[in-house]
Amino acid sequence: VKRLGCSGIKDILENKKLSIVDEQTILEISTFEAKGQTYQASTGNNDDLVMNLVMFGYFVSTAYFNNLTDINIKDSINFIEES
């Protein structure tokens, strides 16, 4: 689940479907790294905010969510549009 969530949020962020503007979340993302077969904050850092994004990334990629909402959130969300 964590791997799918990480992949999902990575895809959302890279496709500029969600912009992270809060400083603390940006800091946590910058210290989030692969460790063996998982992902977590580097030693001495937190990943609480990032893990919420990971759960969001997983949930919006599920068939359940797509059937529930009848939309593909990854294709339609735009929280902040670029000028």
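1. **What kind of model.** This is a predicted model, in which local features need pLDDT of at least 70 and side-chain atom pairs count only at pLDDT 80 or more, while totals for chains, interfaces and linings use all residues. Residues are numbered from 1 along each chain as its sequence is written, and side-chain values use heavy atoms, with hydrogens and water left out.

2. **Fold at a glance.** The protein has five helices and two strands, where helices (H or I, at least four residues) and strands (E, at least two) are DSSP runs numbered from the N terminus. Read from the N terminus, the order of elements is α-α-β-β-α-α-α. Among contacts (heavy atoms within 4.5 Å) between residues at least 6 apart in sequence, 51% join residues at least 24 apart.

3. **Surface and burial.** The accessible surface comes to about 5800 Å², and 52% of that belongs to carbon and sulfur atoms. These areas come from the Shrake-Rupley method with a 1.4 Å probe, and for residues only the protein chains shown count as cover. Of the 83 residues, 28% count as buried. Buried here means under 20% relative accessible area, exposed means over 50%, and partly exposed lies in between (1.4 Å probe, protein chains only).

4. How many salt bridges does a search of the whole structure find? The search finds two, taking a salt bridge as a side-chain nitrogen of Lys or Arg within 4 Å of a carboxyl oxygen of Asp or Glu. One of them joins Lys 10 and Glu 14, with the closest N and O atoms 3.0 Å apart. The two residues are separated by about one helical turn because they sit four residues apart in helix H1 (residues 2-14). Lys 10 is partly exposed at 48% relative accessible area, whereas Glu 14 counts as exposed at 52%. As background, side chains of opposite charge can pair when their charged atoms come close.

5. **Salt bridge at Glu 33.** Glu 33 forms a salt bridge with Lys 35, and here the closest N and O atoms are 3.9 Å apart. Glu 33 is partly exposed, at 33% relative accessibility, and Lys 35 is partly exposed too, at 26%. Glu 33 is found in strand E1. Leaving aside neighbours within four places in sequence, Glu 33 is in contact with Thr 38, Tyr 39, Gln 40 and Ser 42. From Glu 33 to Asp 47, 14 residues apart in sequence, the C-alpha to C-alpha distance is 9.9 Å.

6. **The largest pocket.** The volume of the largest pocket is about 290 Å³. Of the 14 residues that line this pocket, Cys 6, Ile 9, Lys 10, Phe 32 and Tyr 39 are the closest to its centre. For the method, a 1 Å grid is laid over the protein atoms alone; a pocket is an open set of points where a 1.4 Å probe fits, with protein on both sides within 12 Å along at least five of seven lines, and lining residues have an atom within 4 Å of a point. Grid points are joined across faces, edges and corners, and the volume is the space filled by probe spheres set on the points.

7. **What lines it.** Which element supplies the largest share of the lining of the largest pocket? That is H1, with six residues. H1, strand E1 (32-35) and helix H3 (48-60) each supply at least two residues of the lining. By class, the lining has ten nonpolar, one polar and three charged residues. In this scheme Ala, Val, Leu, Ile, Met, Phe, Trp, Tyr, Cys and Pro count as nonpolar, Asp, Glu, Lys and Arg as charged, and the others, Gly among them, as polar.

8. **Two residues to look at.** Lys 16 has a positive phi of about 55° although it is not a glycine. Lys 16 lies in the loop between H1 and helix H2 (23-30) and counts as exposed at 53% relative accessibility. Ile 29 is in helix H2 and is partly exposed at 31%. Leaving aside neighbours within four places in sequence, Ile 29 is in contact with Ile 20, Val 50 and Leu 53.
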